[in-house]
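Hi,

Here's the structure I promised to pass on.

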Amino acid sequence: MAVTVIKGGTVVTACDTFQADVLIESGRITGLVASSAGVTAHEVIDATGKYVIPGGIDVHTHLDMPFGGTTSSDDFESGTVAAAHGGTTTIVDFAIQQKGGSLRQALDTWHAKAEGKAAVDYGFHMIVTDFPQSVSDEMGQLVNEGISSFKLFMAYPGVLLLDDQSIFKAMLRAGEIGALICMHAETGLPIDVLVERALAAGHTAPVYHALTRPEVAEATGTERAIALAEMAKVPVYLVHLSAQRALERVMEARDRGLPAYAETCPQYLFLSQDDLARPGFEGAKYVCTPPLRPAHHHDHLWRGLRTYDLQVVSTDHCPFCMKGQKELGTGSFAKIPNGMPGVETRMHLMYEGVREGKISLNRFVEITSTAPAKIFGLYPRKGTVAVGCDADLVVWDPSKKFELSHANLHMKVDYAAYEGKTVIGAPTHVLSRGRLVVEDDKLGRQRFHGKAGQGQFIKRGTFAL
Ligand code: URP
Ligand code: ZN
Ligand code: ZN
């Protein structure tokens, strides 16, 4: 049997940092041994001076998703190839129930989008937009098929918004079947009024996206989501949390012992409302929902990551090109498709947090891989470096400089959100189930050795924390 060894590196997990060679056979980790042990291997990857970390897990992507009158520009091939280049080896994408449609139809559609295309492993959450009894029944079937989390929206009235009674019923059902409810917790109905009023006053520029979706709309939505979950006696997971007051609602809940969990995304830690206010239409690049906030929120979110009030950093990767997509909103910020690219740059950006002393190296691994694996039923198969785990591994060079420019990235979108920003720390080798999918050449340029279709659908377990 072919043996690969990653030699001479420092293995970093969510809790340990130690010197070991990592042995890989048949796609799994089969040993962690002292470098002196002298293992014979068919393939040797030299990790001297580098870290060996579990592959990144991004539990919030929107690939090939119809939204805002267009479709997100990365499909399962380009999106997962980009993920691999950035050191992410598993994604969990959102299938969407059509209003009046079944969850089965939505799941079949998303399987068809991903099969034969994904270059790294993937799972699905299901977005529920309509909640008749039949959907409640289907939730149980989906959990048996490895779709163990459901996203519900308090925002986007008439499109994705679900009323409180339906949310509450879905939560009760989730409790019966061990599923996790993920909430988009912006209170959408008043937001739509603010949007109408801004447009009526002639305010059409991208920055009005932020000015019509204030922090308080997210704070009150977060509080309501947690209250409904408390009434239903179930855990709840707040997606893409962006702001101080929403975080404080989560902290209060956790202080009361409630199982409230939350993720944030790099754009809320590194970008701000000032980017939305860039001259002309450039701010459209930064239209995502919830919106980018004033920069003073960054420190609160970093503190939340440090103190375990925020558990996960995902990307909400939902790219749209400026040309032909974002420009749908040149005359009205409300028509700019909501979403930003990010699946390829998450690990680089979060490692900046380590360099700047905002989070520890182990916490970096935890929030980008281990915690999402545990919360979303992928652990222990994925999310750590231990014997028996899938050999989804990244050799991370802490001294490699990398510019997050469009020319260096693989996401299928015509701009880079962090153009001009150079980070220090980047992957040199990325393995997906033991297969080397990305490797630096001698000049430090990334080479892709993977293939569309090599990614497998992963049946996730139920919520077990
Ligand atoms: O702007 C965003 N976030 N687009 C994707 C939809 C969502 O709410 O996650
Ligand atoms: Zn959302
Ligand atoms: Zn999203």
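First, a term: on a 1 Å grid over the protein atoms alone, a cavity is a set of points where a 1.4 Å probe fits but cannot get out. A molecule sits in one if more than half of its atoms lie within 2 Å of its grid points. The space taken by ligand 1 is the largest cavity.

Some housekeeping: this is a predicted model, with local features needing pLDDT of at least 70, side-chain atom pairs 80 or more, and totals for chains, interfaces and linings using all residues. Residues count from 1 along each chain as written, chains are lettered from A and ligands numbered from 1 in written order, and side-chain values use heavy atoms, without hydrogens or water.

Around ligand 1 there are 14 residues (a heavy atom within 4 Å), with Lys151, His184, Thr289, Asp316 and Asn338 nearest.

Polar contacts (N or O pairs within 3.5 Å):
- His62: a polar side-chain atom is 3.1 Å from a ligand 1 oxygen.
- Asn338: a backbone N or O is 3.1 Å from a ligand 1 nitrogen.
- Gly339: a backbone N or O is 3.4 Å from a ligand 1 oxygen.

The protein buries 99% of the 270 Å² that ligand 1 exposes alone (Shrake-Rupley, 1.4 Å probe).

Cheers

Methods
A polar contact is a pair of N or O atoms within 3.5 Å; within protein, one must be able to donate a hydrogen and the other to accept it, and residues adjacent in sequence count only if both atoms are side-chain atoms. On a 1 Å grid over the protein atoms alone, a cavity is a set of points where a 1.4 Å probe fits but cannot get out, and a pocket is an open set with protein on both sides within 12 Å along at least five of seven lines; lining residues have an atom within 4 Å of a point.
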